Amino acid sequence: GAQACRHSGEISPGAMGVQDDSDKEEGNDSDGSDSFMPQSPLKEVPENSQGQGQSPPSLRQSLRERGGRPAPEEEEEGAWLEDRPMLSGDRPQGATEREATLNLLNALLGNSLLALPWAFAQVGIVPGTLFLIGGTLMNRYTLHLLLKNSEVGNKGGYALVGRNAFGWFGEAIVLAVYIILGSLGMCAYAVGLADVVQQLAPLFGIGELPRPLAGLLSVAACAPGMLAPSLKKVARLSAVNLVAALLFCVALLSFALQPRSASMLPPEHQPQWARWENTFTAWPLFAYVFAVQPGGMMVLSKMERPATDVIDEDELEELEAARNRVSAQAHIVAIVVGTLFGLTAYVRFGNVIRGNVLNTCNEVRAQLWFGALTLLRCCSSIMLLSSAAFVMFAVRFAALEVLRLTGSGLLDDADEAPATLRRRITYCVFALMALVGGFCDDISQVYRVMGSIGTPLFALILPGIFALKLAAATGRRRRMCGPLISAILGVVSLLFSVVRLCSS
């Protein structure tokens with residue numbers, strides 16, 4: 001069933017490794033996660049076929065043994081880490097390069113773009129452009145580093161790489177970091193929606209709405225998608241989400257063509273070429289904005305490939321070349337869009353730009369073309385609501401997996417505990433979103449926290465450490481230089497960014 005759903009127009013939770021809650025309502029006892037349960041790393045490996053004169057195990061088999069768990073052919077390891085469902089056809093061999101490029105762009109052009117102009121305002125035009133390009137290239141490198149250390153044809157990725165490197169502990173680390181990042185992302189969505197709610201309140205004659213109430217209303221708006229028992233309907237929003245992101249960028253870029261009042265920006269707020277003293281204030285945002293390692297692995301692993309169980313070296317090289325082309329095209333488009341997006345807003349609004357560019361647009365709405373603010377609000381709301389629905393499924397499933405891996409007694413009752421825990425996890429995220437959305441009015445600060453802590457860990461340190469461990473274990477020591485630099489850069493970025501975050 002998962003094999004068929006994987007290539008259909010609708011993506012079911014089973015195809016993502018996430019249990020469809022509606023199964024529980026129909027009396028199905030399975031929680032959909034048994035296939036993800038790793039065996040103990042100390043479990044005895046079955047007798048090797050070498051004793052019967054057959055060839056020694058391949059690298060793929062060795063990696064599975066290091067993870068401590070053989071996986072069935074139909075298993076989609078770590079598919080729950082995919083933030084957005086796929087836009088793909090119904091071919092059994094996977095997505096074409098064009099479809100994969102659209103999928104990767106869908107992941108790259110996310111809600112963090114709202115805070116990108118603020119990051120440019122902190123460091124200026126030249127450093128901002130350099131940091132955006134450098135952060136994008138860094139994220140692309142670690143994305144392909146993870147792909148090279150995953151199994152060929154594997155339909156998931158990140159958690160499996162962690163398990164291959166360090167057993168269940170490595171998998172648990174990936175899950176735990178993702179829960180933190182996912183929860184913070186949900187908080188950012190609540191802050192962004194609360195901004196929209198406060199902007200709309202005066203239009204309905206309510207007047208200025210208190211921020212805590214706006215935070216509660218934003219969570220209420222997210223509730224239907226977050227509580228949905230199935231991703232089948234939510235998956236249809238994937239294409240809408242991509243269109244909304246592109247329309248938002250185009251609308252903001254159009255402001256550069258409008259005449260600007262000379263009195264709009266006083267001299268002290270004019271755009272500046274460089275402000276290097278704010279490097280570690282803005283760098284976390286530039287590093288985070290295009291960090292899509294989990295979703296990127298899902299996109300590139302679902303690409304079109306030969307419909308055979310064994311891929312020879314020529315086919316593998318061709319597949320890797322196709323992945324490189326798709327990745328390069330999507331990241332180039334992302335760099336161009338991100339640079340134009342950030343620079344246009346910065347040049348237009350200067351240093352008075354707010355953490356959420358939508359708030360700045362609301363303040364100068366009289367100078368924008370008719371309907372521009374309405375379009376921006378609609379696009380922003382669609383992006384935030386759809387992302388909240390997608391990410392909640394992944395966070396909830398990751399939390400359950402951590403409980404299973406750590407041997408928590410909360411999952412002893414297979415009939416009742418999973419459904420109960422799903423609700424509890426969702427309610428906890430609701431409370432966190434309401435708290436942050438009700439008392440934080442700057443979405444850039446939430447993304448700054450995510451970029452200061454999550455990006456160095458998830459995009460640099462963990463991929464580097466996993467690659468180093470697997471390279472040492474398989475004798476590929478010549479490939480240790482890049483991963484080592486990645487891990488060191490991640491540690492330096494983490495230390496300086498956290499120090500700057502705490503000091504401010």
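Buried here means under 20% relative accessible area. The model is predicted.

**Helix α11**

The buried set is T279, T281, A282, W283, P284, L285, F286, A287 and Y288. These residues pack against four helices: α6 (116-123), α7 (125-148), α17 (443-473) and α18 (481-503).

T279 belongs to α11. Its relative accessible area is 17%, under the 20% cut-off, so T279 counts as buried. The T279 side chain reaches the backbone oxygen of W276 at 2.6 Å. Leaving aside residues up to four places away in sequence, T279 touches V123 and F131.

**Buried residues by value**

| Residue | Relative accessible area |
|---|---|
| T279 | 17% |
| C187 | 2% |
| C361 | 1% |

**Cysteines**

How many disulfides does a search of the whole structure find? The count is 0. C187 shows why for one case. Its sulfur has its closest cysteine sulfur in C440, 9.1 Å away, which is too far for a bond. A disulfide needs the two sulfur atoms within 2.5 Å. C187 is also buried, at 2%. C361 is buried too, at 1%.

**Surface patch**

A nonpolar patch lies on the surface. L484, I488, V491, V492, L495 and F496 form this patch, and together they have about 530 Å² of accessible area. I488, one of its members, is found in helix α18. Helix α18 is also among the packing partners of the buried α11 residues.

Terms used. Residues numbered from 1 in each chain as written. Predicted model: local features only at pLDDT ≥ 70, side-chain atom pairs only at ≥ 80, totals over all residues. Heavy atoms only, no water. Buried < 20%, exposed > 50% of the residue type's maximum accessible area, 1.4 Å probe, protein only. Helix = DSSP H or I, 4+ residues; strand = E, 2+ residues; numbered from the N terminus. Contact = heavy atoms within 4.5 Å. Polar contact = N/O pair within 3.5 Å; in protein donor to acceptor, adjacent residues only side chain to side chain. Patch = residues over 30% accessible without salt bridge, like charges linked within 9 Å, V, L, I, M, F, W, Y side chains within 5 Å. Areas by Shrake-Rupley, 256 points an atom, 1.4 Å probe, with all protein chains shown as cover. Salt bridge = Lys/Arg side-chain N within 4 Å of Asp/Glu carboxyl O.
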